[in-house]
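Open the model in your viewer and keep the selection tool at hand.

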Amino acid sequence: MVRLYGKEPYKVVMVHGGPGAIGSLKGFSKELSELANIGVVEAIQSKYSIDELIEELCCQIRSNCTAKVSLIGHSWGAWLVALFAEKYPEMIDNVIMIGSGPLEDKYVSEIGSRRLQNLSGEDCAIFQRLVKNQVTDEDMAKIPQILDKTDNYCLENKENHKADKADSDMHNKVWSEAAKLRTDGYLLNCFKRIKSRLYLIQGEYDPHPVNGVMIPLQENGVLCETHILKKCGHSPFMEKYAKDELYKILIQIIN
């Protein structure tokens with residue numbers, strides 16, 4: 001399933017995070033399409049393994065796009081677009097990662113410690129289950145509100161970016177697989193094989209440490225143009241003080 005914004009040709013494909021945050025980029029996709037006057041595909045994930053998600057994304061692009069595209073992945077989606085670009089380089093012009101998680105395990109503890117500083121009580125318990133990949137559908141319904149407290153600087157028009165559905169089964173299955181790819185080193189190594197131009201956009205208040213992406217890429221000789229947005233958390237397209245800068249950067253890259 002996809003949602004289309006603007007008119008053909010569709011040159012940008014948006015890939016949501018979670019895993020399982022279904023439809024969480026609809027507001028972002030619509031705004032980018034209007035501001036850049038460009039056709040945008042919002043790719044909706046429906047599979048429960050990484051290989052299947054890569055093949056699903058391939059079908060979504062081939063069915064709607066006639067030339068190379070700019071792939072924009074948010075959060076978990078940043079990893080998915082990188083894994084896709086490694087396998088299907090002929091389909092990709094730019095790989096744009098927004099709010100990416102760290103690429104090596106040694107940076108992971110920093111995420112939880114930053115988030116837990118802002119949580120207590122049941123919110124804290126749910127977050128601990130999230131870390132252990134033991135969330136329920138009831139937990140998943142509450143997680144967006146919890147992450148609002150931990151991951152952002154100053155949200156604006158939050159309702160425009162609300163996910164349609166939170167799929168806990170997708171989250172637990174896909175994230176367990178993704179975490180293993182990071183631990184095994186496969187995730188980082190895939191970046192060495194990406195032939196597309198690579199970009200990283202990260203908020204300075206994102207609990208995902210930007211050095212957890214920048215430094216491993218630099219140490220492995222991977223070129224990546226990096227933009228760190230001030231007064232910004234994990235989702236720049238929702239941030240009052242960073243949104244305009246985000247769209248300016250994206251339009252420059254796409255054009």
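Axes here are lines fitted to C-alpha atoms, for helices over the stretch in contact, and angles run from 0 to 180 degrees between N-to-C directions. Keep in mind that this is a predicted model.

**Stop 1: the H2/H7 crossing**

Select helix H2 (50–64) and helix H7 (168–184). Their axes come within 9 Å and cross at roughly 100°. Angles of 65 to 115 degrees count as roughly perpendicular. H2 and H7 are therefore roughly perpendicular to each other.

Now show side chains at the contact. From H2, pick Ile 50, Asp 51 and Leu 53. From H7, pick Val 174, Glu 177, Ala 178 and Leu 181. By class, this contact of H2 with H7 has five nonpolar, no polar and two charged residues.

**Stop 2: the second largest pocket**

Keep Ile 50, Asp 51, Glu 177 and Leu 181 selected; they are among the residues that line the second largest pocket.

Which elements give two or more residues to the lining? They are H2, H7 and helix H3 (76–87). H2 gives the largest share, with four residues. Color the lining by class: five residues are nonpolar, five are charged and none is polar.

**Stop 3**

Lys 87 lies in H3 and Glu 55 in H2, so the pair ties together parts that are 32 residues apart in sequence.

**Stop 3: the cavity**

How many cavities of 30 Å³ or more are there? The count comes to one. The largest cavity holds about 40 Å³ of space.

Select its lining: Val 15, Ala 43, Ile 44, Gln 45, Leu 53, Glu 56, Leu 57, Gln 60 and Leu 80. Leu 53 was picked at stop 1, in the contact of H2 with H7. Here too H2 gives the largest share of the lining, four residues. The classes in this lining are six nonpolar, two polar and one charged.

**Last view**

Leave H2 highlighted. H2 crosses H7, gives four residues to the lining of the second largest pocket and gives four to the lining of the largest cavity.

Conventions
Residues numbered from 1 in each chain as written. Predicted model: local features only at pLDDT ≥ 70, side-chain atom pairs only at ≥ 80, totals over all residues. Heavy atoms only, no water. 1 Å grid on protein atoms, 1.4 Å probe; cavity = no way out; pocket = protein on both sides within 12 Å on 5 of 7 lines; lining within 4 Å. Nonpolar A, V, L, I, M, F, W, Y, C, P; charged D, E, K, R; others polar. Parallel < 35°, antiparallel > 145°, perpendicular 65-115°, else oblique. Contact = heavy atoms within 4.5 Å. Points joined across faces, edges and corners; volume = space filled by probe spheres on them.
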